Amino acid sequence: MAEKEELRSVHVQVADLAVKSDWSAIKIMPSELPALIKMEGKFQKLLQHCQEEVYPEELKRLKAKKTLRPTSRLMPLTPFLGDDGLLRLGGRLERAKLPYDVLHPPILPGNHPLEWAIIGAFHDSMHHVGTDFVLSHIRQHIWITAGREAVKRVRNECIPCRRFRPKAALQMMADVYQARLGAREPPFTYTSVDYFGPIDVIYERGTVHHQVASWIRGASSMEGWSLTIVA
Ligand SMILES: [Zn+2]
């Protein structure tokens, strides 16, 4: 029994070594997208390798002509094994007059470096457009699981996009005045005045008059009153 378990553990380790790859250096240029879409050259092997790494159980069962387990993450996509050995999207559009690759794109995980590289290439080639536009375009060729999150991640790490969509810094507010925190004191025990202006008011015939406006706010207690005066 112990010998069997040991053998199984060695087998698992060998299988892991055979399948796991270092994807950190993967880079796909926008000029390579036509070859990727047609699954030419290295790309078919890359996609196969990625699927073997992420969906080994599903591939094993489909190759053995078995149905997927109900608990499989891919079950809602009704995947099948294409002639090229890739896991492809199923669906109910079989009768639609669309190309095979559009009806049944290969399935790739959205949380994988290969997919981030592919999204990055599409994103660059489409001149840094928004998430939905990129995602819908990619899904005509490759079906990404959790695709919206994957595209958002790539956009968030894209330097030009970060430069084009800066977030305004939030100003830290100072502590509230002591006078505004008093309790059990009648209204207008303390008052404050905020000024703004002057405001140019245009009357008829283009006459411009400078007006100064202000408002007075009773801000003394929990029963604060407010009075606005415009002069
Ligand atoms: Zn970008």
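Two residues are taken to be in contact when heavy atoms of the one lie within 4.5 Å of heavy atoms of the other. With that cut-off applied to this predicted model, and with attention limited to contacts between residues at least 6 apart in sequence, 49% of such contacts in the protein join residues at least 24 apart. The secondary structure comes to nine helices and seven strands, and of the 231 residues of the protein, 30% count as buried. The protein exposes about 16700 Å², of which carbon and sulfur atoms supply 58%.

An α-helix has 3.6 residues a turn, so residues three or four places apart point the same way. In helix α4, which spans residues 56-63, the buried residues are Glu58, Leu59, Arg61 and Leu62. They cover an arc of only 165 degrees around the axis, which puts them on the same side of α4. The face of this helix turned away from the buried side carries the exposed residues Lys60 and Lys63, while the cover over the buried residues of α4 includes helix α3 (43-54) together with the strands β1 (80-81) and β2 (87-88). After α4 comes Lys65, a residue whose phi is positive, near 60 degrees.

Helix α7, residues 131-138, has Thr131, Val134, Leu135 and Ile138 as buried residues. These cover an arc of only 95 degrees around the axis, and they therefore sit on the same side of α7. Among the elements that cover the buried residues of α7 are α6, β4 (143-145) and α8.

Two of these covering elements can be followed further through single residues. Thr145 is found in strand β4, and because its relative accessibility is 19%, Thr145 counts as buried, the cut-off for that class being under 20%. When residues up to four places away in sequence are not counted, Thr145 touches Tyr55, Leu74, Leu77, Ile107, Leu108, Pro109 and Gly110. Asn156, by contrast, lies in helix α8 and counts as partly exposed because its relative accessibility is 48%. With its neighbours within four places in sequence left aside, Asn156 is in contact with Arg162 and Arg165.

The helices α6 and α8 return in the description of the pockets. The largest pocket has a volume of about 340 Å³ and is lined by 18 residues, of which Ile26, Lys27, Trp116, Ala117 and Gly120 lie nearest its centre. The elements that give two or more residues to this lining are α6 (113-125) and α8 (147-157), and α6 gives the most, with seven residues. Sorted by class, the lining of the largest pocket has eleven nonpolar, three polar and four charged residues.

The second largest pocket holds about 160 Å³ of space. Its lining is made up of 15 residues, of which Leu89, Gly90, Leu93, Leu103 and Trp143 lie nearest the centre. By class, the lining of this second largest pocket has nine nonpolar, four polar and two charged residues.

Notes
Residues numbered from 1 in each chain as written. Predicted model: local features only at pLDDT ≥ 70, side-chain atom pairs only at ≥ 80, totals over all residues. Heavy atoms only, no water. 1 Å grid on protein atoms, 1.4 Å probe; cavity = no way out; pocket = protein on both sides within 12 Å on 5 of 7 lines; lining within 4 Å. Points joined across faces, edges and corners; volume = space filled by probe spheres on them. Helix = DSSP H or I, 4+ residues; strand = E, 2+ residues; numbered from the N terminus. Nonpolar A, V, L, I, M, F, W, Y, C, P; charged D, E, K, R; others polar. Buried < 20%, exposed > 50% of the residue type's maximum accessible area, 1.4 Å probe, protein only. Areas by Shrake-Rupley, 256 points an atom, 1.4 Å probe, with all protein chains shown as cover. Arc of directions from axis to C-beta.
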